Amino acid sequence: MALFNLFSGKKKEEEYDDENEYFIENPDTDALPDELQFGISLSQVIGEHNSFYIDSLLATKDVNQCKESMRKWYRINSSQEAHEFIQSRTKEGFRTLYNNIIDLYLKTNGNPTLLPKNDWGGEIAGYFENLNSVLPLEEFKEWFPNPKKDFLVGCDAYDYGRIAFVARSCYTAGYITEGQAWTYIDEIARMARKSFNNWEDYGKSYLLARALWCGNSYDDFNDFAEVTRYLVEDDDSPWVMYEW
């Protein structure tokens, strides 16, 4: 995907004629307070890939899109499943496991033969292979020029971004109320502020965890990395407009 031409400035939804446009504004919303805007902006690495609004809790006018993505990717089909998913990911998520794997990766220089010869070692080796598969990619090298140092950013952002994304999606799908969605997003925002000092480290953390999760299995790591770069640098990005 050639993204450069897509970032020619933010637009209202009705001005778009291409589903791949980015930084879409909701034409029917008022400006959010900065703290609420910060919370929904945590979702935008994946949100941009789903044409989510950048300025409202409502993710999109396409309710069926949200229901389908929740069903397909998160097995959420009801209010109960929405609350259970968000609460479990907020409490635990993947961050502890992924951070421990990164620690092992650094200690072994990413060599899976140094892991225990058991089921646990075999599972971790799969994550090593995922991460090793993206090391040669130019976009990965740009984000992680010094892996031994850069990997210390950890993987917490992957949980925070997905929880914010799911909370917005589930509100839009009608599975949770507005108040419930903001409560979840506010908690995640507070956790994110404790974990990171800036949007660049947040984006880097998200990309590291995603690489660990699936490598370049879908041939889209470069796409995610490029979108994240625009989120960090483009003047119309909510990450630039609303500082950490």
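Q: Are Phe52 and Phe165 buried or exposed?
A: Burial is judged by relative accessible area: buried means under 20%, exposed over 50%, and partly exposed in between, with a 1.4 Å probe and protein chains only. Both Phe52 and Phe165 are buried. This is a predicted model, in which local features need pLDDT of at least 70 and side-chain atom pairs count only at pLDDT 80 or more, while totals for chains, interfaces and linings use all residues. Residues are numbered from 1 along each chain as its sequence is written, and side-chain values use heavy atoms, with hydrogens and water left out.

Q: How many aromatic pairs does the structure hold, and why is the pair of Phe52 and Phe165 called stacked?
A: A pair of aromatic rings is described by the distance of the centres and the angle of the planes. Rings of Phe, Tyr and Trp (its six-membered ring) pair if their centres lie within 6.5 Å; planes under 30 degrees apart count as stacked, over 60 as edge-to-face and the rest as tilted. The structure holds 25 aromatic pairs. In one of them, the ring centres of Phe52 and Phe165 are 4.9 Å apart and the planes lie at 15°, so this pair is stacked. Phe52 is in the loop between helix 2 (44-47) and helix 3 (63-74), and Phe165 is in helix 9, so that the pair links distant parts of the chain, 113 residues apart. Helices here are DSSP runs (H or I, at least four residues), as are strands (E, at least two), numbered from the N terminus.

Q: What kind of aromatic pair do Trp199 and Trp244 form?
A: Trp199 and Trp244 form an edge-to-face pair, with 4.7 Å centre to centre and 85° between the planes. Trp199 belongs to helix 11 (residues 199-214) and Trp244 to the segment after helix 13 (238-241), 45 residues apart. Both Trp199 and Trp244 are buried. Ring pairs also join Trp199 and Trp244 with Phe38, Tyr160, Phe196, Tyr202 and Trp239 into a cluster.

Q: Why are helix 9 and helix 10 described as roughly antiparallel?
A: Axes are lines fitted to C-alpha atoms, for helices over the stretch in contact, and angles run from 0 to 180 degrees between N-to-C directions. Angles under 35 degrees count as roughly parallel, over 145 as roughly antiparallel, 65 to 115 as roughly perpendicular and the rest as oblique. The axes of helix 9 (residues 156-173) and helix 10 (residues 178-195) come within 9 Å and cross at roughly 165°. Helix 9 and helix 10 are therefore roughly antiparallel to each other.

Q: Which residues of helix 11 and helix 12 meet?
A: Contact means heavy atoms within 4.5 Å. Helix 11 and helix 12 (residues 221-233) pack at about 170°, with axes 10 Å apart. Residues of helix 11, including Trp199, Glu200 and Leu207, meet residues of helix 12, among them Phe221, Phe224 and Arg229.

Q: Where does Arg229 lie, and which residues does Arg229 touch?
A: Arg229 lies in helix 12 and counts as buried at 18% relative accessibility. Arg229 touches Glu142, Trp143 and Glu200, not counting residues up to four places away in sequence.

Q: What is the phi of Ser51?
A: Most residues other than glycine have a negative phi. Ser51 has a phi near 55°, a positive value in a residue other than glycine. Ser51 is in the loop between helix 2 and helix 3 and, at 23% relative accessibility, counts as partly exposed.
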